[in-house]
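My notes follow in the order I looked things up.

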Amino acid sequence: MITGWQGRVFEDFEVGQTYRHPQARTVTHQDNLWMTMMTLNPNPIHYDFEYAGDTEWGKPLMNSCFTLALVTALSVADLSQNAVNLGWDEVRLPHPVFDGDTIYAQSEILETRESKSRPHQGIVKFRTTGFNQEGRSVITFTRTILIYRRGHVPARKEPPKLVDG
C-alpha cells in the first residue's frame, strides 16, 4: 500500500522559500451566510443585498474572518500539516472578496528557529498572501507555527481495512 502525503517537518523549511499552494476555492454567498451567522456577526454588509447595494461596493462583502480561515486552510498541506498555530500577525485586507471570487494563496518563509523549550519541535514564521482570480491581493498575514522535527511526528492510525471491495 502506498502512503499518501504526510506533510513537511521543521527541517524542510528554509528562509526565502516560496510555496505557491496548489488548491484554490471559489467562494459563495452561502459560505458568507454560514460564516456570518455561525459567528453571530450582525453587520449587514455580509448578508443584506439592499443595504450592501447602497455602499461603495454595491454588493455584499465576504466575511473577513472567512477569508482569513480559507487562506490559512489553503496553506495547511504545504506548511502546517504537522504543526500547531502560535499566532497570526499583521493581518491586512487590501481588496474585498465577493461571491464568485476564486481565492488562491502563496507563502514565503520568513524565519526558522529551534524551540528552546521543545527540542523535538521548531518554530517557523511565514507571510501568506491570498489573491483572487485577477491576481489582486485580498489578504496578507504572517503566521507562526510550532512544527515537529523529522522523526518526531506522532504516528497516524491506519484506516480500517476495506471489507467489501
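I started with the rule for a salt bridge: a side-chain nitrogen of Lys or Arg has to be within 4 Å of a carboxyl oxygen of Asp or Glu. With that rule I get six salt bridges.

Before going on, I noted that this is a predicted model, where local features need pLDDT of at least 70, side-chain atom pairs count only at pLDDT 80 or more, and totals for chains, interfaces and linings use all residues. Residues are numbered from 1 along each chain as its sequence is written, and side-chain values use heavy atoms, with hydrogens and water left out.

**Salt bridges**

I looked up Asp12 and found its salt bridge with Arg150, with 2.5 Å between the closest N and O atoms. This pair links distant parts of the chain, 138 residues apart: Asp12 sits in the segment before β1 (18-20) and Arg150 in the segment after β6 (137-148). For the element names I used DSSP runs numbered from the N terminus, with helices as H or I of at least four residues and strands as E of at least two.

Is Asp12 buried, exposed or partly exposed? My cut-offs are under 20% relative accessible area for buried, over 50% for exposed and partly exposed in between (1.4 Å probe, protein chains only). Asp12 comes out at 27%, so I put it down as partly exposed.

Next I checked Asp31, which meets Arg25 in a salt bridge at 2.7 Å, N to O. Asp31 counts as buried because its relative accessibility is 7%. Arg25 has 33%, so it goes down as partly exposed.

Then I took Glu108 and Arg127, whose closest N and O atoms are 3.8 Å apart in their salt bridge. Glu108 is in strand β4 (residues 102-114) and Arg127 in strand β5 (residues 121-131), so this pair ties together parts 19 residues apart in sequence. Both ends are partly exposed: Glu108 is at 31% and Arg127 at 36%.

I also found a network of salt bridges that links Glu11, Glu114 and Arg149.

**Strands around β4**

I count two strands as paired if DSSP finds at least two bridges between them. Which way do β4 and β5 run, and how many bridges join them? They run antiparallel with ten bridges, and a hairpin of six residues joins β4 to β5.

β1 is also antiparallel to β4, with three bridges. I picked out Gln106 in β4, which has Arg20 opposite and Thr129 as its bridge partner in β5.

Strand β2 (residues 25-26) runs antiparallel to β4 too, through two bridges. Here Arg25 stands opposite Ile103 in β4, and Arg25 is also the salt-bridge partner of Asp31.

**Asn63**

I went to the loop between α2 (49-53) and α3 (64-79) to look at Asn63. At 1% relative accessibility, Asn63 counts as buried. Which residues does Asn63 touch, leaving out those up to four places away in sequence? I listed Asn32, Met35, Thr36, Thr39, Asn41 and His46, taking contact as heavy atoms within 4.5 Å.

**Surface patch**

Last, I noted a nonpolar surface patch of about 260 Å² made by Trp88, Val91 and Leu93. Patch residues have over 30% relative accessible area and no salt bridge; like charges are joined within 9 Å and nonpolar side chains (Val, Leu, Ile, Met, Phe, Trp, Tyr) within 5 Å. The areas come from the Shrake-Rupley method with a 1.4 Å probe, and for residues only the protein chains shown count as cover. Val91 lies in strand β3 (residues 83-92) and is partly exposed at 33%.
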